[in-house]
Amino acid sequence: MQTASIIYTGELRTTATHLQSGTVVETDAPVDNNGKGERFSPTDLVASALGSCMLTIMGIKARDNQWPIEGTKVSIQKIMGTDPRRITGINVVIDFPKGIDLGEKERTILERAALTCPVAKSLHPDIVQNVTFNW
């Protein structure tokens, strides 16, 4: 079964529809690549997918162990290279809410879960993933 249907709508924009849910995501080329930068660019989505994946996999571990991590926030910085134009790095900062009372063992489990999420393991090894955990 297909995952998505994507249509080029003109002016360097696309509309992607997730077929199972009907959710729609629009993209725009970034300003530094002839676009307007008014929506996520395709490479923004790649970088953001890493953060979302990390939170999701940590959420599974937390749910299974009844650890409260709701409110955890991920900040993403995508680093672009040239020649060829591509993502060369993604800086990820994970901020856990104040007051989370987890021991070293629990924190290690969550950190390993994040670092081994499917998107992290799917990205090319040349893309540097700098991840900071702020407890």
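**Exposure and salt bridges**

Mentor: Let us begin with Arg 39, which is partly exposed at a relative accessible area of 30%. Please bear in mind that this is a predicted model.

Trainee: Why is Arg 39 called partly exposed?

Mentor: Its relative accessible area is 30%; buried means under 20% and exposed over 50%, so a value in between is called partly exposed.

Trainee: What makes Glu 38 count as exposed?

Mentor: Glu 38 has 53% relative accessibility, and exposed means over 50%, so the term applies.

Trainee: How do you know that Glu 38 and Arg 39 form a salt bridge?

Mentor: Their closest N and O atoms are 3.9 Å apart. The cut-off is within 4 Å, so the pair qualifies. Glu 38 and Arg 39 also belong to a network of salt bridges with Arg 13, Glu 26 and Asp 28.

Trainee: What makes the pair of Arg 13 and Asp 28 a salt bridge?

Mentor: The N to O distance is 3.5 Å, and a salt bridge requires a distance within 4 Å, so the pair qualifies. Arg 13 is in strand E2 and Asp 28 in strand E3, 15 residues apart. Both residues are buried.

Trainee: Why is it said that Arg 85 and Asp 32 tie together parts of the chain?

Mentor: The side chains of Arg 85 and Asp 32 meet in a salt bridge of 2.9 Å, N to O. Arg 85 lies in the loop between E4 and E5, and Asp 32 in the loop between E3 and H1, so the pair joins parts 53 residues apart in sequence.

Definitions and conventions: Residues are numbered from 1 along each chain as its sequence is written. This is a predicted model: local features need pLDDT of at least 70, side-chain atom pairs count only at pLDDT 80 or more; totals for chains, interfaces and linings use all residues. Side-chain values use heavy atoms; hydrogens and water are left out. Helices (H or I, at least four residues) and strands (E, at least two) are DSSP runs, numbered from the N terminus. Buried means under 20% relative accessible area, exposed over 50%, partly exposed in between (1.4 Å probe, protein chains only).
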